[in-house]
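Please look over the structure shown below together with its sequence. The briefing that follows treats its topics one by one.

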Amino acid sequence: MEKLLINGGKRLTGTIKVGGAKNAAVAILPAALLSDSPCVISNLPYIDDVIVISRIMEQLNARVAMIGPGKAVVNATGQIDCKATSDMIKKMRGSIYLLGALLGREGRVEMLLPGGCEIGARPIDQHIKGFEALGASIDISHGTIKAQADKLVGAEIYLDVVSVGATINIMLAAVKAEGMTTIVNAAKEPHVVDVANFLNAMGANVKGAGTDTIRIKGVEKLTGCEYSIIPDQIEAGTYMIAAAATGGDITVKGVIPKHLESVTAKLLEMGMEVIERDDSIRVKGTGRPRKVTIKTLPYPGFPTDLQQPTTSLLSICDGVSIINESVWESRFRHVEELRRMGADIKVEDRIAIIQGVEKLTGASVVATDLRAGVALVIAGLMAEGLTEIENVHFIDRGYERIEEKLAGLGADIRRVADGEAALKVVNSDAVV
Ligand code: EPU
């Protein structure tokens with residue numbers, strides 16, 4: 001078990017480049033199973049979720065070979081196993097996309113139900129509704145889902161909730177179905193568009209991604225392509241928040257500023273300076289943030305995946321801020337840890353009421369999920385003294401070399417093995 005140690009209070013400055021989008025990568029890799037020849041995928045982030053989905057695909061007989069930094073060839077030209085029973089499936093949510101990809105490719109799939117961060121119930125009824133509308137029969141028992149179809153035929157599918165996962169999974173199952181599929185009330189996230197662009201690069205006919213109606217005209221076959229994944233807007237947003245949190249001045253490079261409009265808007269409302277260029281965003285922290293009200297929503301609303309780091313930033317706001325988490329029902333587990341650091345936050349159901357305090361103080365805290373972990377990193381950077389964060393493996397699922405990137409901006413942060421951390425805490429001047 002590793003930990004992160006942060007000696008807070010340092011102003012972060014400089015330029016940072018974000019990697020490829022996690023939530024696009026974990027869908028695009030399985031999507032490559034639909035191709036009858038190899039696909040070259042670049043700008044892949046080197047994070048645990050990408051490593052895990054690649055390993056699962058290899059166990060199914062696909063070959064995922066790294067051919068350069070962030071560049072892989074996926075070769076699924078051989079016989080692919082449609083029974084996915086690896087325990088790794090339970091480690092991550094993205095494994096759900098094997099369902100749509102294998103159903104679309106082979107007309108059948110048997111798989112353990114996927115896991116992922118514990119942030120709510122994470123039902124898959126809308127995925128199932130979509131597969132059934134395309135003609136698949138579904139059986140769920142003993143923690144395993146089986147889907148099977150003699151033939152997939154296009155259909156009109158109305159999603160009862162706006163779901164990223166269901167939208168992508170239905171696209172994967174429908175690209176080779178007979179006729180036209182329409183997804184109504186589709187998710188509009190940038191990674192949904194990225195997956196659609198990847199499918200089209202392989203020869204699919206997907207139109208309307210990025211709007212709430214996606215039309216997919218089935219094609220007979222998909223062939224290999226070269227594709228570069230979009231930048232990760234959540235990683236970018238995290239570093240924008242880090243700039244605001246430390247009174248810093250950070251330029252986040254290699255981003256699509258449009259994908260971050262909601263974050264930019266809220267940082268401006270907090271009184272921060274934000275300067276957008278073609279492919280970079282510069283954030284200058286200007287002191288304690290002004291109080292704001294935020295409601296998380298599907299894109300283009302404020303992303304739930306940045307709610308947790310934003311809570312950390314607002315813990316030192318001037319006044320009372322309100323955050324309404326409308327996407328996930330239990331995504332406030334980081335709050336208890338922030339309280340250990342001196343935050344004054346009450347949570348009532350899906351609403352956090354944040355009474356800003358003047359400062360946070362370092363403490364020993366535990367990450368309970370990926371974005372909770374990164375929220376604690378932000379808190380540690382802001383806090384006076386030493387913060388020790390346990391369960392770093394959650395952060396590694398979605399952030400590449402986070403401590404190296406932050407250290408490059410002037411943070412005093414390092415990764416240590418469990419025993420070493422304890423020793424340093426005992427010896428540290430920062431501990432009172
Ligand atoms: N929902 C249903 N039925 C379904 C599917 C979803 O009711 O069949 C509900 C969920 O309970 C939730 C809402 O719809 O309340 C949205 O869920 P969605 O399906 O959009 O989420 P997801 O596909 O499981 C992805 C990301 C999450 C991100 C959400 C929302 C991946 C691998 N995960 O999850 O990312 O929070 O979309 O944007 O793409 C993260 O990166 O930290 C993370 C959790």
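**Briefing on the predicted model**

Helix α4 gives the most to the shell around the ligand, with 3 residues; helices (H or I, at least four residues) and strands (E, at least two) are DSSP runs, numbered from the N terminus. This is a predicted model, in which local features need pLDDT of at least 70 and side-chain atom pairs count only at pLDDT 80 or more, while totals for chains, interfaces and linings use all residues. Residues are numbered from 1 along each chain as its sequence is written, and side-chain values use heavy atoms, with hydrogens and water left out.

**The ligand and its surroundings**

- The ligand is surrounded by 23 residues, and the closest are S163, V164, D305, V327 and R371; a residue is near a molecule or strand if one of its heavy atoms lies within 4 Å of it.
- At least two residues of the shell around the ligand come from each of α1 (22-31), α4 (125-133), α5 (164-174) and α11 (370-382).
- R371 places a polar side-chain atom 2.7 Å from an oxygen atom of the ligand, and R93 has a polar side-chain atom 3.3 Å from an oxygen atom of the ligand.
- In V164 it is a backbone N or O atom that lies 2.7 Å from an oxygen atom of the ligand.
- The ligand taken alone exposes 830 Å², of which the protein buries 90%; accessible areas come from the Shrake-Rupley method with a 1.4 Å probe, and for residues only the protein chains shown count as cover.

**Helix α3**

- Of the 10 residues in helix α3 (residues 97-106), 9 are buried, so that the helix is mostly covered; buried means under 20% relative accessible area, exposed over 50%, and partly exposed in between (1.4 Å probe, protein chains only).
- The buried residues of α3 include Y97, L98, L99 and R105.
- These buried residues pack against α1, α2, β7 (108-112), α4, β9 (144-148) and α5, where contact means heavy atoms within 4.5 Å.
- After α3 comes G107, whose phi is positive, near 80 degrees.

- S54 belongs to helix α2 (residues 48-59), and S54 is buried with a relative accessible area of 13%.
- When residues up to four places away in sequence are not counted, S54 touches L29 and V64.
- T387 is part of strand β23 (residues 386-390), and T387 is buried with a relative accessible area of 0%.
- With its neighbours within four places in sequence left aside, T387 is in contact with L4, L5, I6, M341, G362, A363, V365 and G380.
- From C-alpha to C-alpha, T387 and A407 are 15 Å apart in space, and they are 20 residues apart in sequence.

**Backbone details in loops**

- A cis peptide bond, with omega near 10 degrees, runs from Y299 to P300, and P300 lies in the loop between β18 (293-295) and α9 (307-314).
- N43, a residue other than glycine, has a positive phi near 60 degrees; N43 sits in the loop between β3 (39-42) and α2, and N43 is partly exposed, with a relative accessible area of 28%.
- D349 is not a glycine either, although its phi is positive at about 60 degrees; D349 is found in the loop between β20 (344-348) and β21 (351-355), and D349 counts as exposed at 69% relative accessibility.

Notes:
Polar contact = N/O pair within 3.5 Å; in protein donor to acceptor, adjacent residues only side chain to side chain.
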